Amino acid sequence: MKGAHHQASEANCRARLSSHLTYPRRSFCYLAPWLLAVNCRLSKKITIVRGTGVDSKLGCRRALAVLGSVVWLLVAPSVALAEYQPARSAPPSVGGLTDRVIIGFRAETTTEMVSMNAEITALSSRVDLPLTSIDQLGDRLAVVRLAIPTTKSNVEAALSILRADPQVAFAEPDRRRYAHAMPNDPLYASQWYLKGDQVSAVRAESAWDSSTGSAGVIVAVLDTGIRYDHPDLERAASGGRLLPGYDFVSADSDGKFTSANDGDGRDADASDPGDWVTTAEAALPIFDDNCEAQDESSWHGTRVAGLVGARSNNNAGIAGLTWRPWILPVRVLGKCGGYDSDILAGMRWAGGLPVTGVPANPYPARVINLSLGSEDRCPASYQTVIDELVRNGIVIVASAGNESGPVAAPASCQGVVSVVALRHAGTKVGFSSLGANATIGAPGGNCVNTGANEPCLYSIDTTTNLGATTPGIHGYTDQFNFNVGTSFSAPLVAGVAALMVSVNATLTSAEITERLRVGARAYPAASGIPVCRNPSNVNDRQTSECACTSAACGAGMLDAVGALGEARRPQAVIVVPSNVTSGQSATLQANGSTASCGRSVQTYSWAVLATGAGGALTSGANSSSATVLPPTSGTLKLQLTVTDNQGARDTALVNVTATAASSDSPQAITGPACPSELSFAPPVTTPPSAPTGSGTASSGGGGGAIDLWILLLLSGALLWRAARRQGVFE
Ligand SMILES: [Ca+2]
Ligand SMILES: [Ca+2]
Ligand SMILES: [Ca+2]
């Protein structure tokens, strides 16, 4: 409202756009202003101006209505939503051996076949194995039972005998297979981004076959707070996903709590009271030029949290990317964003580091999600805090920003997994920032058709609250009340990182980042659209769809299956001697190498890549401990390969000179590979007793019972009215 660059005359457009700032003091969550900006541009022919605030569905609908007369070529194919099919959610891949075998008989035997039963009887007698026919599956195909004890060696021996028979074309174990783990959440059908049909979808559904996450992992969501009452989130103590968390939004510079909006500064309640901003509030001197009036609250933290881990497979609402890890809500944003100092304190606390004046966090997070930031080089304060968190093994995921320019801070800081938003087709969404600091791309929502009143086809649907300003009834975003922005790309990556930690808790922050990158899928080759470039400066913006490259959008498209596979690999750990003396043997110790949860390291192999002058591997080429002779000059280079009991590998490099040795591997790994699970006892709930009039309570049972009934009836009526008025989702 105070900016100098408002160019749109249409009131709504003006309210949604803001000036460029060179060094924003406050950070804003990334819920896209993009659509509105685009529509304002189309209708008013204005220069697109960067938006920084929080989108509002009503604001955008108005803009869409303005667009009604604009002819818009629609190139999107219509989307056929997958049919909802309730299915088992238990893990599985292909099952083990059973006492059943499928046999295919050779074609030439058919003419002689009197009946399948006779054929099986004849086979049984030829190979001297007790076979009982179960079913004929085709002309020459049958399933039989082996009437022998079902041990692995018995079944395998029987299979070999059957395969050796001249009339048997093939004999295979009749294994059990299972549906891909699919949640029974009714809105799952619209969660395209978790599936595998669209190019950029993250394949969470396939990854869930392997892991839905461990209850030993905590993901902190640093945001606007949370709606604890959302039934698809709920407190851990009530069977939900949410830990108590903390509110770090402190007093404004005038000593009041306008930004906090909960009447106080830091407190133990991370509830989101709403972040709408009145015109008068936006004009307050405590806020900077980025502060815009917002007629609706964003419920941004509730949206982000639902993507990380809505309660899944609970027959309600949506599914989260993770099903078991806990969510730690850390409130750092209020009206018009939040202070860096509150965000930094929240980050430290989330990661288990001490924060003055705040009780220690009993539930330190392994993954921190920051769907916030401002276009800015990484401030030293952030880099300092991030370095300390990364040293402690914490993975920090941040959204790149919605400015179409270079990756914003804190996503631009070193050691942060920064996430670019992709369209369903795997190309960059117009609004997403990008560049050399990007780590990976993930779906960020895109609408395809932007004609008046048309649905936003690729909304990233999630949990929200339906209250316009103060909290109202819970709900979900959908194609009309849609949800797009890099804010929603980041929690998908944070969720996958949590799955990775779940299967290999000792991975370092850098290892998680690298394995996310290696596990990502390549961007699709796109024709007919410009190739994304690395922005040269903050004014170099790419506001339209562009074809991602790894240089501009990060390593590739987030892939939950690929990332989990990478996470399950072992970790090579090499301890090098602190002193190396030319002419004296040195020992390289790799027995600290570790395997992922449930696996073990099986073999070690050292290979010489270069010797330098006189350097050599003198013993232990295939053991955990290798002895080398340092070179007199140059560098002896070795590569260690560690292989686990399932054939998965990790490698590390060692450089030995005449005077020193170094390795690119971690020096030590502590703690178990399987996270130790946390559990929260559900609260003891006593159902209300029937009004018998013979209560033993000293207050007189009859009266108390009647009061209870009145209360129940009253609350039921209120709930019913509320449901009718607002259109409840469940
Ligand atoms: Ca507070
Ligand atoms: Ca509070
Ligand atoms: Ca659910």
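The model is predicted, so local features need pLDDT of at least 70 and side-chain atom pairs count only at pLDDT 80 or more, while totals for chains, interfaces and linings use all residues. Residues are numbered from 1 along each chain as its sequence is written, and chains are lettered from A and ligands numbered from 1 in the order in which they are written.

First, the overall picture. The protein has 15 helices and 23 strands; these are DSSP runs numbered from the N terminus, H or I of at least four residues for helices, E of at least two for strands. Of its 730 residues, 47% are buried. Buried is 20 or more other C-beta atoms within 10 Å of the residue's own, exposed is 12 or fewer, partly exposed is in between, and the C-beta atoms are placed from the backbone. Among contacts with a separation of 6 or more, 70% join residues 24 or more positions apart. A contact is two such C-beta atoms within 7 Å.

Now the cores. A nonpolar core is a set of buried Ala, Val, Leu, Ile, Met, Phe, Trp, Tyr and Cys residues joined through C-beta atoms within 7 Å. The largest has 142 residues, and V219, I396, V397, V493, V496 and A497 have the most contacts inside it. Helix α11, residues 490-503, gives the largest share, 11 residues. Domain 2 (179-566) and domain 3 (573-663) both contribute residues, so this core lies between them; the bounds come from an automatic or database domain assignment. Beyond four places in sequence, the contacts of V397 include V367, L370, V493 and A497. A second, separate core of 13 residues includes V101, M116, L162 and A171.

Back to α11: 14 of its 14 residues are buried. The expected span is 1.5 Å times one less than the number of residues.

Last, helix α4, residues 116-127. Its 12 residues reach 16 Å from first C-alpha to last, close to the 16 Å expected. Which residues of α4 are buried? They are M116, E119 and L123. After α4 comes D128, with a positive phi near 60 degrees.
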